[in-house]
Amino acid sequence: MAVGEIKLKRLLDILYAPLYIAADIVEIIKEKDKTTPTWLKLLAPVLAVGGLGIFAALSFVQAFVMTAWFGNPLPVLGFDQSPEQPIHFPHTIHAGVGPLIDEDTGEPYISPSGDMRINDDGTPMQGLGMDCTYCHKQVIERAWSGVPPVELCISCHKVIGDSDNMQLTKLRQKGLYEETKSPINWERVHRMPDHVRFNHAPHIWYLTENPNAIQNKPVDFETLPDGTVNASKVCSTCHGNVAGMEQVAQVQPLKMGQCVACHRANEASVGCETCHH
Ligand code: HEC
Ligand code: HEC
Ligand code: HEC
Ligand code: HEC
Ligand code: HEC
């Protein structure tokens, strides 16, 4: 049995324990029916109902743990894989293409502050369609993709954008004015456990050369004349449609099963040391 499975079995035993205990109590009471004092008979249904209540609560905890184990945790209690950022940075406006319409509602995107992504004349805003690699430059060469320095943002936002936009005011304080300059501490959205090794570059190279292996293809997906694709067209495989996210969330489980399945399908190494230190 794999280590993961053993751990899982132990966890299930613990989670089911109250149910076993409740069943035992019922058995004992049945057996001793004749000799049981009345007070215990009266208490029995209370214990049973209480046991069921605890079981229901634990089932919920269990569902949460199980989904977190095999995929993304249920989107409750703030575990929605989308942390609050110091500045609300919309990928929609920057990386999105065409009119910024939410596929689910058919309406223009609404920012977390409640503003609709519409122009003064009421038409949906157009995304700038910036390449992912314009900001996440290192992703092609390095393990670590990284988030752009504030100077890159300021190269545009020195002039672009209303002066009464709260988010842009925060951005200019961080990057434009000498007195208040400081790096932006973006919250991590994706993070592998410490025992896992991940490296962007080889994945980007492989996928740009082998477009058939790309998953969740973006709307503006196209292959170049030589059959390869631009680096920005491969990210959706593991990150989903980031260009359409008002706030980045982790939408793929990125658990071991998913990594290994893709490695098998593409004849990449599945030896433990490939991904573990
Ligand atoms: C204008 C610059 C810019 C462009 C263009 C851009 N990003 Fe980002 N990206 C950022 C910034 C800033 C953050 C950090 C803030 C956040 O998470 O929202 C970020 C965060 C992310 C994250 C989450 C990182 C983490 O902490 O796990 C992913 C994934 C990502 N971007 C993917 C993409 C993809 C894919 C594209 C192209 C479709 C793209 N980005 C285009 C600036 C950019
Ligand atoms: C190529 C130019 C360019 C770069 C680089 C750029 N932006 Fe923008 N950004 C824009 C444009 C254009 C808009 C839309 C402005 C408008 O609504 O008038 C915008 C809008 C915004 C807004 C306002 C969103 C809202 O809610 O209205 C924020 C915040 C923002 N950008 C943050 C950033 C950050 C942070 C970076 C660096 C990681 C960045 N931008 C890099 C061009 C750029
Ligand atoms: C094969 C899956 C895969 C592909 C393809 C992929 N990523 Fe990632 N990305 C990950 C994983 C896994 C992490 C978390 C890494 C960690 O915690 O060590 C991550 C993390 C990130 C981060 C957070 C900072 C960092 O480097 O850890 C950014 C930004 C990011 N990816 C951007 C991109 C962009 C842009 C592309 C496309 C050019 C892309 N990724 C393609 C799997 C992928
Ligand atoms: C889209 C399919 C795909 C997914 C998903 C994927 N991989 Fe890979 N990975 C590959 C391929 C193909 C290679 C071999 C690339 C090459 O060297 O040509 C590779 C290579 C690697 C390497 C070796 C890099 C090196 O330095 O040589 C590591 C480490 C790795 N993957 C880790 C991961 C982890 C961890 C995950 C899950 C978070 C993951 N991969 C998800 C396809 C994938
Ligand atoms: C292609 C990449 C990849 C390969 C190959 C791989 N793993 Fe993993 N493994 C991961 C990732 C990513 C995680 C963390 C996410 C998760 O918990 O599923 C992980 C997690 C684990 C965990 C912790 C599980 C847990 O639930 O905490 C164990 C144990 C483990 N791997 C053992 C192995 C062994 C043993 C092998 C070789 C037979 C192996 N792995 C091969 C990617 C890989």
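Helices here are DSSP runs of H or I with at least four residues, strands are DSSP runs of E with at least two, and both are numbered from the N terminus. The model you are looking at is predicted: local features need pLDDT of at least 70, side-chain atom pairs count only at pLDDT 80 or more, and totals for chains, interfaces and linings use all residues. Residues are numbered from 1 along each chain as its sequence is written, while chains are lettered from A and ligands numbered from 1 in the order in which they are written.

Let's start with the whole chain. The protein chain has 10 helices and zero strands. Of its 277 residues, 10% count as buried, meaning that 20 or more other C-beta atoms, placed from the backbone, lie within 10 Å of the residue's own. Among contacts with a separation of 6 or more, 57% join residues 24 or more positions apart; a contact requires C-beta atoms, placed from the backbone, within 7 Å.

Now to ligand 2. It is surrounded by 21 residues, the closest being F89, C153, C156, G161 and Q167; a residue counts as near when its C-beta atom, placed from the backbone, lies within 6 Å of the molecule. Two or more residues of this shell come from each of α3 (91–95), α5 (150–157) and α6 (166–175), and α5 provides the largest share, five residues. By class, the shell around ligand 2 holds 13 nonpolar, eight polar and no charged residues. In this scheme Ala, Val, Leu, Ile, Met, Phe, Trp, Tyr, Cys and Pro are nonpolar, Asp, Glu, Lys and Arg are charged, and the others, Gly among them, are polar.

How do α5 and α6 pack together? Their axes lie 10 Å apart, at an angle of about 120 degrees. That angle makes α5 oblique to α6, the class left over once angles under 35 degrees (roughly parallel), over 145 (roughly antiparallel) and 65 to 115 (roughly perpendicular) are set aside. Here V150, E151, C153, I154 and H157 of α5 meet L168, L171, R172, K174 and G175 of α6. This contact has five nonpolar, two polar and three charged residues.

Finally, look at ligand 3. There are 24 residues around ligand 3, and H136, S145, M192, C235 and C238 come nearest. At least two residues each are supplied by α4 (132–135), α7 (200–209) and α8 (236–239), with α7 giving the most, four residues. The shell around ligand 3 divides into 13 nonpolar, 10 polar and one charged.

Technical notes
A residue is buried if 20 or more other C-beta atoms lie within 10 Å of its own, exposed if 12 or fewer, and partly exposed in between; C-beta atoms are placed from the backbone. Two residues are in contact if their C-beta atoms, placed from the backbone, lie within 7 Å. Axes are lines fitted to C-alpha atoms, for helices over the stretch in contact, and angles run from 0 to 180 degrees between N-to-C directions.
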